[in-house]
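Welcome, and thanks for taking a look at this fold with me. Please have the sequence and the 3D view open side by side as you read.

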Amino acid sequence: MSSEEGLSSAISDWLFSNSWWLLLPFIMLLVVAAFIVAFVLLLYMISPLISPKPLKLKGAHVVVTGGSSGIGKCIAIECYKQGAFITLVARDENKLIQAKKEVEKFAINDKQVVLCISVDVSKDYSQVESVIKQAQEKLGPVDMLVNCAGMSVSGKFEEVDVKRFQSLMEVNYLGSVYPTRAVITTMKERRMGRVVFISSQAGQLGLFGYTAYSSSKFALRGLAEALQMEVKPYNVYVTVAYPPDTDTPCLTEENKTKVKPYNVYVTVAYPPDTDTPCLTEENKTKPLETKLISETSGVCQPEHVAKVVVRDAVQGNFSSSIGPDGYMLSALTCGMSPVTSITEGLQQIVTMGLFRTIALFYLGSFDSIIRRCMIQREQSKASDKRE
């Protein structure tokens, strides 16, 4: 064997004996990938064992505040389709009677009942407690409470009347606290129940023009997180829904009237009985910046929102989001919020970085919108002065 052949053979033997070191990183990567896949599959297998047991709506008593129109009425219809007994709570008796007729069209059996109660859930806790008690005497303990009563006001911070801040907190926050306080003790005693708060995407992200509205909707999340920690050991689960702008009807200031409840007299103090901004009325006073920013997430129909909210509430999911934007916002803002399953937490961990990157582009576009509007106004003022 020549010296060249010997050298070549030695090099070949060395490469063969040491080549596995070159493959080691790839082997480790495959092992890690296999471990992750196995771990994820395991989580999917065991997550149903630790998730809440779904609530059966057939024969359940569902109370919906703000139930005379919009998302509230659609949620009542969705629950009624699944066999629930419904109590509609709102301020306008005439709208309640009309809503009752609409809900009753979707009955699946002759035993179902729709009860109407006219009361302002934001003004007097003792009255709210009294009417909820009477509803339970007629239809049984409340299995699910859906807090839909709410209102919206938009405008620049310094232009919004300070009384509006108070009224929004009363309706959007206390209007959910009072009914919840009236049912939660019984739910804990029965070791079952669902409480739903209808917040808004403006309750996840503070937006231009919503200094008053966003604050009241953010408050609902704090209430929901603290309450969930208290009632989870009793098999009671809280859901917070974050719908985008929803095409709902509303009442105007001129529609304020005194209503005659079935058991109390209440003066309607604030509009409207909706849980999201009424696009038709609110857009008349909504700042241009707010309109342009809101349009980036589109407009949802209340029927679709209702289906998603009811589904998540029945499953016991803490967060209920609508659409891709809503899912991204929920993942981005999850923070220390409760999770219903291990897989939900894992999804949030995996997607957080990507969603934060996307969110930065959204925030940049919002800032750009605001700057352009400011420049246009300044140019318009300068033009008016020259004329």
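## Ground rules

A residue is called buried when its relative accessible area is under 20%, exposed when it is over 50%, and partly exposed in between (1.4 Å probe, protein chains only). This is a predicted model, in which local features need pLDDT of at least 70 and side-chain atom pairs count only at pLDDT 80 or more, while totals for chains, interfaces and linings use all residues. Residues are numbered from 1 along each chain as its sequence is written, and side-chain values use heavy atoms, with hydrogens and water left out.

## The chain as a whole

The protein chain holds 11 helices and 9 strands. Helices (H or I, at least four residues) and strands (E, at least two) are DSSP runs, numbered from the N terminus. Of the 387 residues in the protein chain, 47% are buried. Among contacts (heavy atoms within 4.5 Å) with a separation of 6 or more, 78% are made by residues 24 or more positions apart.

## The sheet

Let us begin with the strands. An open sheet is formed by 7 strands in the order S3-S2-S1-S4-S5-S6-S9, with parallel pairing; two strands pair if DSSP finds at least two bridges between them. S3 and S9 are the edge strands, each pairing on one side only. From one strand to the next, the twist averages 15°.

Strand S1 (residues 61-65) runs parallel to S2 and is joined to S2 by 5 bridges; Val 64 has Leu 88 in S2 as its bridge partner. Strand S2 (residues 85-90) also pairs with S3 in the parallel sense, again over 5 bridges, and here Ala 90 stands opposite Ser 118 in S3.

How many residues of strand S3 (residues 114-118) are buried? The count is 5 of its 5 residues, leaving S3 mostly covered. In a regular strand the side chains alternate between the two faces of the sheet. Val 114, Cys 116 and Ser 118 are buried on one side of S3, and Leu 115 and Ile 117 are buried on the other, giving cover on both faces.

H5 lies across S1, strand S4 (144-147), S5 and S6, and runs at about 170° to S4. Axes are lines fitted to C-alpha atoms, for helices over the stretch in contact, and angles run from 0 to 180 degrees between N-to-C directions.

## H2 and its two partners

Helix H2 (residues 70-81) and helix H3 (residues 93-104) have axes that come within 9 Å and cross at roughly 30°. That makes H2 roughly parallel to H3; angles under 35 degrees count as roughly parallel, over 145 as roughly antiparallel, 65 to 115 as roughly perpendicular and the rest as oblique. On the H2 side, Lys 73, Ala 76, Ile 77 and Tyr 80 meet Ala 99, Glu 102, Val 103 and Glu 104 of H3. The residues of this contact divide into 5 nonpolar, no polar and 3 charged, where Ala, Val, Leu, Ile, Met, Phe, Trp, Tyr, Cys and Pro count as nonpolar, Asp, Glu, Lys and Arg as charged, and the others, Gly among them, as polar.

With helix H9 (residues 302-315), the axis of H2 comes within 8 Å and crosses at roughly 55°. That makes H2 oblique to H9. Residues of H2 in this contact include Ile 71, Cys 74 and Ile 75, and those of H9 include Val 305, Val 309 and Val 310. By class, the contact of H2 with H9 has 9 nonpolar, 1 polar and 4 charged residues.

## H5 with H6

Helix H5 (residues 162-190) and helix H6 (residues 211-231) pack with their axes 8 Å apart, at an angle of about 15°. The two helices H5 and H6 are therefore roughly parallel to each other. Among the residues making the contact are Phe 165, Leu 168 and Met 169 of H5, and Leu 220, Leu 223 and Leu 227 of H6. The contact of H5 with H6 has 13 nonpolar, 6 polar and 2 charged residues.

## Two loop residues with positive phi

Most residues other than glycine have a negative phi, and most peptide bonds are trans. Arg 191, in the loop between H5 and strand S5 (193-198), has a positive phi near 60°. Asn 235, in the loop between H6 and strand S6 (236-242), has a positive phi near 65°. Arg 191 is partly exposed at 46% relative accessible area, and Asn 235 is partly exposed at 35%.
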